[in-house]
Amino acid sequence: MRFEGTAHRYGRDVDTDVIIPARYLNTSDPAELAKHCMEDLDAGFVGKVKAGDILVAEENFGCGSSREHAPISIKHAGVEVVIAKSFARIFYRNAINTGLPIMESPEAVEGINDGDTVAVDADAGTITNVTTGATYQAQPFPPFIKGIIERGGLIASVRERMADR
Amino acid sequence: MPRPMTITEKILAAHAGLDEVAPGQLIECDLDIVLANDVTAPIAISEFGRVGVERVWDPAKVALVPDHYTPNKDIKSAEQAKIMRDFARTQEITHYWEIGCMGVEHALLPEQGVVVPGDCIIGADSHTCTYGALGAFATGVGSTDAAAGMATGKAWFKVPASLKFNITGELSPWVGGKDIILHIIGMIGVDGALYQAMEFTGPVIARLGMDDRFTICNMAIEAGGKSGIIAFDSTTCAYVDGRAEREWAVYHSDPDAVYARVYEIDASTIEPTVAFPHLPSNTRPVREARHITVDQVVIGSCTNGRIEDMRVAASILAGRKVAPDVRLIVIPATQAIWRQAMGEGLFDIFVEAGAAVSTPTCGPCLGGHMGILAAGERALATTNRNFVGRMGDPTSEVYLASPAVAAATAVAGHIALPEDLDQEAAR
Ligand code: SF4
């Protein structure tokens with residue numbers, strides 16, 4: 001999987017309450033959730049994000065609640081991949097389970113400015129800042145997690161296993 | 001001889017059918033309970049529908065709790081709750097609680113004996129880590145993990161390394177479980193325990209009652225922890241005896257178990273603590289926060305909505321009045337706590353003081369309903385999160401503290417300690 005888009009860069013501890021505020025959790029409709037993505041951190045986010053863009057953040061991205069509404073709203077707002085220095089663990093699981101590509105690379109985050117054009121090769125784990133020309137290598141996923149991603153998320157892999165029984 | 005293990009490693013090994021496990025190992029565990037609520041269950045149910053099985057793996061081991069937006073706040077949330085209710089009925093889920101019996105999930109499940117010591121539990125709610133106070137492994141997951149758990153009775157985990165918090169010495173007056181955990185989060189930060197299990201031990205923990213222990217484990221996630229845990233002892237035994245609906249199992253860490261880090265904490269250094277906006281780690285002693293005035297005080301939630309919390313708040317509010325510019329909202333966490341508080345006469349004290357007492361709900365804790373803040377308003381709450389917009393408008397503010405500090409703050413109109421009230425009255 002290769003993506004290229006504009007980087008939207010944020011700081012550390014971006015929590016699930018600012019990614020999708022609880023006042024919108026009375027629905028699980030992805031299109032509705034996408035309308036309010038990042039609203040309490042950057043009210044202009046939805047207006048400027050284009051399909052194929054890349055979200056970049058520092059440590060502990062997605063901390064807080066277990067709401068899958070967070071990766072769902074990010075994905076449906078058009079974001080192709082989230083690059084962070086580190087992810088909160090429930091968000092990390094949720095992203096893998098729901099098929100939102102994520103990459104961990106403190107070096108890449110350091111080397112990307114808001115508005116840079118960034119290209120990602122998710123299979124090779126490489127991140128290229130097209131604006132500066134620098135290339136970075138993300139942490140590889142363990143094979144077990146890679147398997148879930150390759151099958152298209154957790155439910156697809158569980159379905160396969162249940163069918164084998 | 002298997003390698004020496006922590007309590008967390010032992011519980012995970014037992015549920016994976018292995019003699020031993022080590023941090024970093026990817027394992028698959030049998031689950032004792034899978035939990036979801038009215039916000040996370042609808043997505044879990046639709047994902048469950050994609051698995052290709054008709055029935056949940058065991059209708060007695062799925063727990064569904066309508067607590068976040070209930071009694072329903074609007075049509076949309078009513079539709080979400082109905083999805084869960086209909087699923088509970090068709091799947092013949094035994095652990096579903098309707099309005100009138102329900103409570104905030106993390107207070108309700110231990111109280112009803114649904115989760116027991118030695119369990120391996122996942123819940124589609126980040127504060128599932130609360131049950132660690134029983135000596136169980138419990139962790140929050142998303143709706144998709146819960147869906148897979150409902151279908152298969154299993155979940156995959158990376159075995160976490162453990163952090164040990166050994167708390168010795170004597171607690172100061174008005175310092176309890178909430179102050180201990182806020183102190184720890186302030187010390188290690190909101191990602192200080194990322195991917196790790198937090199184990200709380202030592203003579204101070206041994207002397208704490210269950211309600212304080214639940215408060216401590218509840219907020220492990222606020223330090224990024226995968227789980228929090230306190231080993232089974234006579235206090236745990238007295239709590240679960242008579243309410244556990246299943247056999248329980250007791251595990252203890254080996255004396256030579258390996259920890260990623262050991263923190264030695266002298267309890268006498270812990271003061272009554274408040275977390276300032278907008279992170280639970282942004283802690284300060286209450287004595288440095290007296291200049292902060294508040295518009296609202298909330299006493300409740302899965303962190304501090306239990307009977308001991310109600311009693312502490314009532315002991316401070318008795319014979320006093322809530323400050324004229326403050327709204328005090330008291331929300332007992334479960335119907336049983338509500339009844340008990342009523343029976344003990346605590347509601348008379350709250351209402352005499354000028355508080356509103358609500359039926360159990362998460363309500364304002366996550367900015368759902370029952371006490372939403374307007375732009376620029378400030379609240380002090382006994383809840384667990386103070387992120388931007390958590391309780392309402394993005395420009396509103398939430399300060400986190402114990403029920404004692406909350407009650408004193410409601411009376412004083414500014415952040416206060418209980419002992420401040422007498423001094424102010426004497427002036
Ligand atoms: S009381 Fe608050 S933290 Fe606890 S489950 Fe409800 S919303 Fe979550």
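Predicted model: local features only at pLDDT ≥ 70, side-chain atom pairs only at ≥ 80, totals over all residues.
1. Residues are numbered from 1 along each chain as its sequence is written, chains are lettered from A and ligands numbered from 1 in the order in which they are written, and side-chain values use heavy atoms, with hydrogens and water left out.

2. Next, the overall build. The C-alpha trace of chain B spans about 65 × 50 × 40 Å along its principal axes.

3. Chain B holds 15 helices and 18 strands. These are DSSP runs numbered from the N terminus (helices: H or I, at least four residues; strands: E, at least two). Among the contacts in chain B with a separation of 6 or more, 74% come from residues 24 or more positions apart, contact meaning heavy atoms within 4.5 Å.

4. Now zoom in on Cys302(B). You'll find Cys302(B) in helix α10 (residues 301-304) of chain B, and Cys302(B) is buried, with a relative accessible area of 7%. Leaving aside neighbours within four places in sequence, Cys302(B) is in contact with Val104(B), His106(B), His127(B), Asn218(B) and Asn384(B).

5. On to the partner chain. In all, 49 residues of chain B are in contact with 44 residues of chain A. The two chains bury about 3900 Å² between them, 58% of it on carbon and sulfur atoms; buried area is the accessible area (1.4 Å probe) that two parts lose on being put together, summed over both.

6. There are 4 salt bridges between chain B and chain A, each a side-chain nitrogen of Lys or Arg within 4 Å of a carboxyl oxygen of Asp or Glu. Have a look at Arg93(A) and Asp145(B), a salt-bridge pair whose closest N and O atoms are 2.7 Å apart. On the side of chain B that touches chain A, α5(B) gives the largest share, 7 residues.

Terms used:
Buried < 20%, exposed > 50% of the residue type's maximum accessible area, 1.4 Å probe, protein only.
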